[in-house]
Amino acid sequence: MKNKTITIIGAGNLGLAIFRGLEKGGLLKDNKLILTKRNSAAIQQYSLGNVSVTDNNQEATGQSDIIILAVQPQQLSEVLVEIKPAIKEGQQTLISVVTAVEISQIEETIGQKISIVRAMPNTAVAVLESMTCLAANNAGLKKLEEVKSIFECVGETMFIEEALMQSATVVCASGIAFWMRFIRATSQGGVQLGFDAEDAQRIAVQTCLGAATLLAQNGDHPEKEIDRVTTPKGCTIAGLNEMEHNGLSSALIKGLVKSYERITKMKS
């Protein structure tokens with residue numbers, strides 16, 4: 001992919017991890033990137049070369065071929081209304097990495113003809129070892145190879161039915177936090193959440209590799225990396241606490257299910 005402009009709306013922990021991964025993976029050599037944040041001064045240090053920083057989501061959207069939505073779920077509706085006037089039908093791809101928000105919910109604001117892809121990576125994108133699950137609407141299917149080329153720069157990808165995206169959130173995204181503490185029975189948990197044994201094992205191995213690479217390269221304590229993917233009242237911390245209360249090894253599958261249940265509540 002060359003001569004594209006990519007915008008990441010919401011340069012928080014995951015948004016910046018995606019940026020670092022794309023930078024390390026070499027995707028920014030031939031493409032431009034725009035990072036947005038309400039307090040743009042906090043990320044001004046990243047404004048170098050092909051990377052620019054702004055607090056204007058609508059302006060950034062209008063300049064972009066690919067828009068990655070990396071905001072908190074409660075912020076998404078406001079952001080979609082804000083950027084809608086700048087979206088060009090048939091010319092842009094919208095990628096959402098927002099937890100528990102379905103494609104149909106995004107379509108309600110911006111329409112069904114816009115190319116939309118849901119992506120569930122994890123913070124191992126920063127070290128090129130993410131496991132990213134993808135799902136798309138009809139228009140988004142035409143742009144799937146382009147989206148895969150982005151996330152294959154930072155790890156492996158798998159296309160799944162959107163009905164499995166909640167399970168993917170638990171196994172892939174929250175999985176970084178879980179597997180920092182426990183690397184047992186992950187495949188069993190994936191099967192219980194809906195994946196077949198082969199896919200569950202592939203996701204588990206790749207995600208655990210990402211967790212190990214983060215610790216090896218960054219030298220951080222596991223709890224510090226866990227903090228990067230936990231948010232107040234979020235599905236990750238809900239799952240982590242449930243596992244701790246029940247004992248490390250035997251609680252793994254119960255914790256995965258608890259996190260899944262939390263995401264279901266977030267959707268309702």
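Cys-133 is buried, at a relative accessible area of 0%; buried here means under 20%, exposed over 50% and partly exposed in between, with a 1.4 Å probe and protein chains only. This is a predicted model, where local features need pLDDT of at least 70, side-chain atom pairs count only at pLDDT 80 or more, and totals for chains, interfaces and linings use all residues. Residues are numbered from 1 along each chain as its sequence is written, and side-chain values use heavy atoms, with hydrogens and water left out.

Contact, meaning heavy atoms within 4.5 Å, is made between α7 and α9 by residues including Cys-172 and Trp-179 in α7, and Cys-208 and Leu-214 in α9. By class, that contact has 11 nonpolar, three polar and no charged residues; Ala, Val, Leu, Ile, Met, Phe, Trp, Tyr, Cys and Pro count as nonpolar, Asp, Glu, Lys and Arg as charged, and the others, Gly among them, as polar.

Helices are DSSP runs (H or I, at least four residues), numbered from the N terminus. The axes of α7, residues 165-181, and α9, residues 197-218, come within 9 Å and cross at roughly 55°; axes are lines fitted to C-alpha atoms over the stretch in contact, with angles from 0 to 180 degrees between N-to-C directions.

Terms used. Helices (H or I, at least four residues) and strands (E, at least two) are DSSP runs, numbered from the N terminus.
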